[in-house]
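Work through the exercises below with the model open. Each task is followed by its solution in steps.

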Amino acid sequence: MRVTATFCLPFTLLLGFAGLAAQAQTISRPSATLTVAENAGSVSIPLSIASPNATASTVQVALQAFGTATAGSDFTYASTQTVTFPANATGTQTVTIPILDDATAEETEYFVVRLLNPTNATVASTANDILVYIRDNDTPAPVRAGNLALSLVQSYQTATPFSGTTQINSAEISAFDAGTKRLYVANSVGGKLEILNLTNPAAITAVASVNISSYGGLNSVAVRNGLVACAIEGTNPQASGSVVFFDQSGTFLKQVAVGAMPDMLTFSPDGRYVITANEGEPNAAYTTDPEGSVSVIDLQGGIAGLTQANVTTATFTAFNGQATALRAQGIRIYGGLAASPSTVAQDLEPEYVAVSANSQTAYITLQENNALAVLDLTTKQITNLRPLGYADHSQPGRSLDASDRTTDVLLASWPIKGMRQPDAINHFEVNNTGYLITANEGDARDYSGFSEQVRLGTTSSSAPYLLDPTVFPNASLLKNEAVLGRLNVTNKLGDTDGDGDFDEIYAYGGRSFSIYNASTGAEVYDSGNLLERVTAADATYGTIFNASNAFGETPTRKNRSDDKGPEPEGVTTGRIGQNLYAFVSLERVGGVMVFNINNPAVPVLEAYANSRSTTASTGDLGPEGIVFISAADSPTGQPLLLLSNEVSSTIAIYSLQATTPTATRAGQAAAPLLVYPNPSQGAAVRLSRPVSGALCDLTGRVVRPLVAASQLETTGLAAGVYVLRADDGAATKLVVR
């Protein structure tokens, strides 16, 4: 017998099933970013739907205004496209966008498309943008002139740097005494002054290791004519520090008090003064914040007669009450707790000192403040504060690799300003004009009681970093980790209208070096993205581009891209023959770059040398101090360059050898190179002879390659100054109006 059973479901449950059947499915992007080579022909963007719908679903894919690539010349996207997912369909639907391969040397460019107006589907509002990077295939590696060769003589380890994972020794700052041929090394971690015999740079021997711990913490060392000066931080770092003087063998001579936390010191060129940069950092809780200052020790009466009366400490108290005006100039005044903000004198933190050739003026970097102080050594008064400006990473030639979450090196332009915040500074002269060169490392205040450093992509409810939705309509995309989300930025600058969100983005460091006119403070040159371009293109060290220098870790490519990149830390200058060179050390990826600065407005890249391992945490790690030894002072008669490597506790010694100038061939000087008309009004210019080479902007970026060319097209070039460099070594300047 057949039995039929009938079941009645509640009305509300029936409605639930109906809702499930009609529920709109989510259309998803493949990822927030895609990368394509310029010569790939096209890029495919696969879109997917969560599960099939009973009826068709659609979504529009619209080009956004945000981006640096140009539709029609870099890619083709004539109009908004509609993508349809047929009824009951599974799998993906693909949007294919043609990529145009031009012959222009350019940075990584990008464009953005957005998923809009879905039908019978949804799109997540925070995951609807797709950024496509286009990797250029026309930009050559930066040309190294090669007129100066660096040869590693020795890497000497001053002491075992680590016990297990704990660092127990270091080699941060070195000072060379030409008379004794001794090198004095500040072993700050170990609390020792290491004295080395450099008579034979290929076989360095230890002379003594002087325990400094009874005086306090050793921060820096300088030497002149056998007199050694050490900058000593007090056992209470917020209290006064001191300078302790030793003879050439490390025997104590004198000690005088200076300002809080002397971080660096130097002798004036005439030997009369020792000048200290007293950083005056706060304690971790930010409840005690000593004033920053600069101390001047007058040695005119000799070390035997030195007393505390010979020490003058210049303060910044005269600038108290000027915080608003200083901020308007671009000087960062922002420290202290909400209930007790720092005064200007407390907020300014001297980092490094350079002295003019006539020993009359000292220039002091104020790193956290992104500023420079000028000290009159005659009156021993601070006479001026100068802002050092920002690296505008939205401009050509100033791009950066901003994420550690992308595989490729993507030097792209972004709406970011880099606070230069230099560490080291050096004074030099060309044609009787004084210049300052700075290593734009960057630094954040990051204490338990106060921290300005956040990730751009942070979603922390306690300390959010909100981007203004009008200025940054693609904020959710920028916050993605493969875009800018991992970048460390400051939360103390950029809220221009005071409404709680950020209208401008400020990151740490310029990833560059800059040259300024010492008298006026005018910027003469900034290297832009050149340091990152050189390391990225290097045949050996490109494999660890923007890698850190941590001990015990395998070098990881790009793991500092989200922070300050290569971190130029040290800088010095030196003359070899008729040429003046600048040497810039890179703290993270390591090594040193060399530039000819005979023309400070147009430095020429000469070389890049590095002596760390690319596969292990060995070799020379963390160059900080940098010393140039002229041929006249060198124990070998050959110019030398010394890098003090903080992490590996090593001294890398390079011999500097001038090579056959590229301007000569078979003993003949290259023929003069002229361009006319010059200035150009944006049309073709004629060359005085056929030339193979390149037209470069002032960052060294090639903008027009030339092969046996008799004329040069300047149409489309931005107004400015360019340098035409021939393969035979000749060069000339071209102005485009």
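**Exercise 1. Compare the radius of gyration of the protein chain with the globule rule.**

Step 1. The radius of gyration is taken over C-alpha atoms, and the rule is 2.2 Å times the number of residues to the power 0.38.
Step 2. For 737 residues, a compact globule would come near 27 Å. The protein chain has 30 Å, which agrees.

The model is predicted: local features need pLDDT of at least 70, side-chain atom pairs count only at pLDDT 80 or more, and totals for chains, interfaces and linings use all residues. Residues are numbered from 1 along each chain as its sequence is written, and side-chain values use heavy atoms, with hydrogens and water left out.

**Exercise 2. Describe the open sheet that begins with S21.**

Step 1. Count elements: the protein chain has 5 helices and 53 strands. These are DSSP runs numbered from the N terminus (helices H or I, at least four residues; strands E, at least two).
Step 2. Order the strands: 4 of them form the sheet as S21-S22-S23-S24, with antiparallel pairing. Two strands pair if DSSP finds at least two bridges between them.
Step 3. Find the edges. S21 (262-267) and S24 (311-315) each pair on one side only.
Step 4. Get the angle: neighbouring strands are turned by 20 degrees against each other on average, direction ignored (axes are lines fitted to C-alpha atoms).
Step 5. Inspect one pair. S21 and S22 (residues 273-278) share 5 bridges in the antiparallel sense. Leu265 stands opposite Thr276 in S22.

**Exercise 3. Is Gly330 buried or exposed?**

Step 1. Locate Gly330: the loop between helix H2 (323-329) and strand S25 (336-337) holds this residue.
Step 2. Read its relative accessible area: 13%, so Gly330 is buried.
Step 3. Gly389 is 59 residues from Gly330 in sequence, and the C-alpha atoms are 6.8 Å apart.

**Exercise 4. Which residues line the largest cavity?**

Step 1. Count: the structure holds 3 cavities of 30 Å³ or more.
Step 2. Take the largest, about 40 Å³ in volume. Its lining is Tyr133, Leu400, Asp401, Ala402, Ser403, Thr406, Leu410, Trp414, Ala482 and Val483.

Terms used:
1 Å grid on protein atoms, 1.4 Å probe; cavity = no way out; pocket = protein on both sides within 12 Å on 5 of 7 lines; lining within 4 Å. Points joined across faces, edges and corners; volume = space filled by probe spheres on them. Axes fitted to C-alpha atoms, helices over the stretch in contact; angles between N-to-C directions. Buried < 20%, exposed > 50% of the residue type's maximum accessible area, 1.4 Å probe, protein only.
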